[in-house]
Structures are given as C-alpha cells and as structure tokens.
Amino acid sequence: MNQDLNVRILWSKAGISGAALGIVSGIFIFIGQATGNIGSPAVATALSLVLWAIKFIGCIWLMRFFMKKLCEEYGNATNADTFKFGMMTALLSSLIYSAINLANILFVSPDFFAAQMQEAIRSYSSMLDSNSMAMLEKMEDAYPQIAFFSNLIYCFLYGTVLSAILSRNIPARDPFANFER
C-alpha cells in the first residue's frame, strides 16, 4: 500500500499500536504485583528488577516494531511522520496504561494499596511531626489521582523521547543521497 500518509491514518495506526503497548505494559502491573510476595525480600526485589528490565526493553522493541511496520506499509513515510506516529502512540498507550493502573488501585486491589500506604505512614511516623503526618494521611485520599496523572505524564514523556530517538533512523536514511562530485 503506497498511499499518502495523513493525520487520520496516523491516529488510526497509533490507536492500534498504542492499545497494544498500553495493554502489554498494563499486564506487567499485575505480574509485578503477583510476584511481589514471592520468597524473601531480596528475591522479590531481584524478580521485580528483572520484570522491569523486560518491560523496558519490550516497550522499546514494540515501539520500534510499530514504527518500522508503518514505514513498510507506507513507503513515503518520513522521519517526521514516524516521530508524529510515535508521539501519538505514546499518548494513547500512556492513557491506557494509566487507566489500567487507576482501575487496579480503585477496584481490583484497593486493599493492597491501602496496606502499602499504611505501611508508608507507619514507617515515616517517627520522622514526621503531626502536621506532616496529617498531610500524608490526606494524600492517601488523592493517591489514585496522583498515580494516574503522574503515570500519564511520565509515560507520555518517555514515549515522546523514545520516538524522537527511534524516528531519527526509521525510515533509514541514506547519508550519501544528496552527495555530488
């Protein structure tokens, strides 16, 4: 297919790739949560680190895969087109990932996050004064919103930087294309 790329096509393709990236990242939320209580704290930390590395490398690979697939389908795609596509994909995947995380916090396992928050409050209680403790307890109610927007911003920025880096060489450029003797 060698038709012209337009914004509508980019959004359509980014919707599919953003959904895939967001769902794959969202699955890692539940895998990490399920493996958090396995064995000793050192084993759980090591497993968490391995899962993070797999997710990190997997997201880079998936973004690269979708950008290359766009260039294969549309031979006239430029580096600017792949960057726009990557930014759109980053926005949509960060929305899906943040929504999955919010649903996890509010509906799937609210007791898990309440226990984590109580543990944090208990561990910091000896270091904080009463005003700081009161503010920390108030933050507990706003935690779902804070988690949603911080994930949304972080994932979008990460995806934008990643697409800027990847789009420099997707599609591949010929450095000698305009070279004249």
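Contact here means heavy atoms within 4.5 Å. I'm working on a predicted model, where local features need pLDDT of at least 70, side-chain atom pairs count only at pLDDT 80 or more, and totals for chains, interfaces and linings use all residues. Numbering runs from 1 along each chain as its sequence is written, and side-chain values use heavy atoms, with hydrogens and water left out.

Confidence first. I looked up pLDDT (the predictor's confidence in each residue, from 0 to 100): the protein's mean is 90, and 94% of its residues reach 70 or more.

Next, Leu5. Skipping residues up to four places away in sequence, I find Leu5 touching Leu10, Leu70, Tyr74, Asn76, Ala77 and Asp81.

I get 19 residues, with Leu5 and Phe85 making the most contacts inside it. α1 (7–34), α2 (41–73), α3 (79–108) and α5 (130–167) each supply at least two of its residues. The largest share, seven residues, is from α2.

Last, α2 against α5. Their axes (lines fitted to C-alpha atoms over the stretch in contact) come within 11 Å and cross at roughly 55°. That makes α2 oblique to α5. The contact uses Phe56, Cys59, Ile60, Met63, Arg64 and Met67 of α2, and Tyr158, Gly159, Leu162, Ser163, Leu166 and Ser167 of α5.

Definitions and conventions: A nonpolar core is a set of buried Ala, Val, Leu, Ile, Met, Phe, Trp, Tyr and Cys residues joined through side-chain atoms within 4.5 Å. Buried means under 20% relative accessible area, exposed over 50%, partly exposed in between (1.4 Å probe, protein chains only). Helices (H or I, at least four residues) and strands (E, at least two) are DSSP runs, numbered from the N terminus. Axes are lines fitted to C-alpha atoms, for helices over the stretch in contact, and angles run from 0 to 180 degrees between N-to-C directions. Angles under 35 degrees count as roughly parallel, over 145 as roughly antiparallel, 65 to 115 as roughly perpendicular and the rest as oblique.
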